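Please look at the sequence and the structure as I go through them.

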Amino acid sequence: MSATPTTLTGELESAHRQGVTAAGHGMQDPALGALRLTGSGVPVLAEAAVSSATPFLRAPLLSRIFKALRIHPVDGDDRGHCPTCRVPAPCQTAQELNP
């Protein structure tokens, strides 16, 4: 990871934090009855659960971003145009995917 986080990095980290919070609340949900977890270990378990799942969630997303950048290259083609959008590079899609 770079020293200055990109917008995408920040969004992924925010989503991770939100996932940890949601997992923690889910583990403590009274609807779980006897399976409900409580105590100081819940945040650690929630972090572990989300961290374990994160690579499986990020891999498809990153694969799609890579595929989109292949058809919307930031530098464009040999004429400096996006081969898909046919506008000067970087096209709007490339800009969104590579802030």
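This is a predicted model: local features need pLDDT of at least 70, side-chain atom pairs count only at pLDDT 80 or more; totals for chains, interfaces and linings use all residues.

The buried residues of helix H1 are Thr 9, Leu 12, His 16, Val 20, Gly 24 and Met 27.

H1 has 21 residues, and at 1.5 Å a residue it should span 30 Å; its end C-alpha atoms are 30 Å apart, so the two values agree.

What covers the buried side? The cover over the buried residues of H1 includes H2. Let us take two of those residues in turn.

His 16 lies in helix H1. Is it buried or exposed? Its relative accessibility is 14%, and because buried means under 20%, His 16 counts as buried. Setting aside neighbours within four places in sequence, His 16 is in contact with Glu 47, Val 50, Ser 51 and Thr 54.

Val 20, with neighbours within four places in sequence again left out, is in contact with Ala 46, Glu 47 and Val 50.

Val 20 also brings us to the nonpolar core. Which residues make up the largest nonpolar core? There are five in all: Val 20, Met 27, Val 42, Ala 46 and Val 50. Two elements, helix H1 (7-27) and helix H2 (42-71), are those that give two or more residues to this core. H2 gives the most, with three residues.

Finally, I turn to the cysteines. How many disulfides are there? The count comes to zero. A disulfide requires two cysteine sulfur atoms within 2.5 Å. For Cys 85, the closest cysteine sulfur is in Cys 82, at 3.9 Å, and that is too far for a bond. For Cys 91, the closest cysteine sulfur is also in Cys 82, at 3.7 Å, and this too is too far for a bond. As for accessibility, Cys 85 counts as partly exposed, with a relative value of 34%, whereas Cys 91 counts as buried, at 1%.

Thank you for your attention.

Notes
Residues are numbered from 1 along each chain as its sequence is written. Side-chain values use heavy atoms; hydrogens and water are left out. Buried means under 20% relative accessible area, exposed over 50%, partly exposed in between (1.4 Å probe, protein chains only). A nonpolar core is a set of buried Ala, Val, Leu, Ile, Met, Phe, Trp, Tyr and Cys residues joined through side-chain atoms within 4.5 Å. Helices (H or I, at least four residues) and strands (E, at least two) are DSSP runs, numbered from the N terminus. Contact means heavy atoms within 4.5 Å. The expected span of a helix is 1.5 Å times one less than its number of residues.
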